[in-house]
Amino acid sequence: MKDEKKSAVDPRILRTRQLIRGAFVELLQEMDIEKLSVNKIAERATINRVTFYLHYRDITDMMEKMADEMIEHIERIVDEYAPHFEKQRTEEAWPVLVKLLEHFADNASFYQVVLATKRTPIFTERLLKLLSTLVKAKIDRVEMENELEESGIHKEIAIWYGSSALIGTIVSWLRYDMPYSPHFLAKQFSLIRSYSYNDLI
């Protein structure tokens, strides 16, 4: 995972980016992404176009950077909580998954727009790539590779399967307005993994 940035970002820059992100989320709830413009985002964010261009080249660059920030936030959570499930193969909730789901719930308006719709695939693609890394790491930690080989299962396919199941579950949870708590959903996922799929996910 990436190291945290050593130098703190100016609070004014953070506030401006939060305004832009909020405007982006609000507008995507109202219109297709093709109809978005820098003018509309700037107006909704109560900033001018010049300020927008101080932060982003265009809307595509804005989404790229937002996706980078999303992954950085998630990586920090993983770095902090990954040791809590080191070598674990129980039916208890996957601790790092609980923390990730709590993060999604705390930022629901953003994630429901960028993950639970088909308007911004860049965010889903970035998250799927990260989840694939997490599933691979979990397989390695609990030393499942020999078991997979003995079962005739290719590790790469197990990773595809596990990460796709994870992101599909998260997206559905967001689309249905998070009807279950993060801990309950993570526990259910762990139970399904151990009961139905022989701990492959």
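Analyst: Threonine 133 sits in helix H7, which spans residues 121-141. Keep in mind that we are looking at a predicted model. Is threonine 133 buried or partly exposed? With a relative accessibility of 42%, threonine 133 is partly exposed, because that value falls between the 20% and 50% limits. A polar atom of its side chain lies 3.2 Å from the backbone oxygen of lysine 129.

In contrast to threonine 133, which is partly exposed, phenylalanine 123 is buried, at 0% relative accessibility. Its ring pairs edge-to-face with that of phenylalanine 110, with 5.8 Å between the centres and 90° between the planes. Since phenylalanine 110 belongs to helix H6 and phenylalanine 123 to helix H7, this pair ties together parts of the chain that are 13 residues apart in sequence. Phenylalanine 110 is buried as well, at 3% relative accessibility. Arginine 21 lies over the face of the phenylalanine 110 ring, 4.4 Å from the ring centre.

The ring pairing goes beyond these two residues: Phe104, Phe110, Tyr111 and Phe123 are linked into a cluster. The count of aromatic pairs is 6. One of them is formed by phenylalanine 52 and tyrosine 53, again edge-to-face, at 5.5 Å centre to centre and 90° between the planes.

Now for the core. The largest nonpolar core holds 62 residues, and those with the most contacts inside it include Phe104, Tyr111 and Phe123, along with Ile20, Phe24, Met62 and Ile74. Helix H7 is among the elements that give two or more residues to this core, as are H1, H2, H4, H5, H6, H9 and H10. The largest share, 10 residues, comes from H4. In soluble globular proteins, nonpolar side chains tend to be buried together. Isoleucine 74 shows how these parts meet: leaving out residues up to four places away in sequence, it touches Leu100, His103, Phe104, Tyr111, Leu127 and Leu130.

A polar counterpart is worth a visit too. Histidine 55 lies in helix H3, residues 49-55, and counts as buried at 14% relative accessibility. Its side chain makes a polar contact of 3.4 Å with the side chain of arginine 17. Apart from neighbours within four places in sequence, histidine 55 is in contact with Ile13, Thr16, Arg17, Asp61 and Lys65.

Stepping back to the whole chain, there are 10 helices and 0 strands. Of its 201 residues, 42% count as buried. Among contacts between residues at least 6 apart in sequence, 66% join residues at least 24 apart. The chain exposes about 11600 Å², with carbon and sulfur atoms supplying 50% of that area.

Note on methods:
Residues numbered from 1 in each chain as written. Predicted model: local features only at pLDDT ≥ 70, side-chain atom pairs only at ≥ 80, totals over all residues. Heavy atoms only, no water. Core = buried A, V, L, I, M, F, W, Y, C linked by side-chain atoms within 4.5 Å. Buried < 20%, exposed > 50% of the residue type's maximum accessible area, 1.4 Å probe, protein only. Helix = DSSP H or I, 4+ residues; strand = E, 2+ residues; numbered from the N terminus. Contact = heavy atoms within 4.5 Å. Areas by Shrake-Rupley, 256 points an atom, 1.4 Å probe, with all protein chains shown as cover. Phe/Tyr/Trp six-rings, centres within 6.5 Å; stacked < 30°, edge-to-face > 60°. Lys NZ or Arg CZ within 6 Å of the ring centre and 35° of its normal. Polar contact = N/O pair within 3.5 Å; in protein donor to acceptor, adjacent residues only side chain to side chain.
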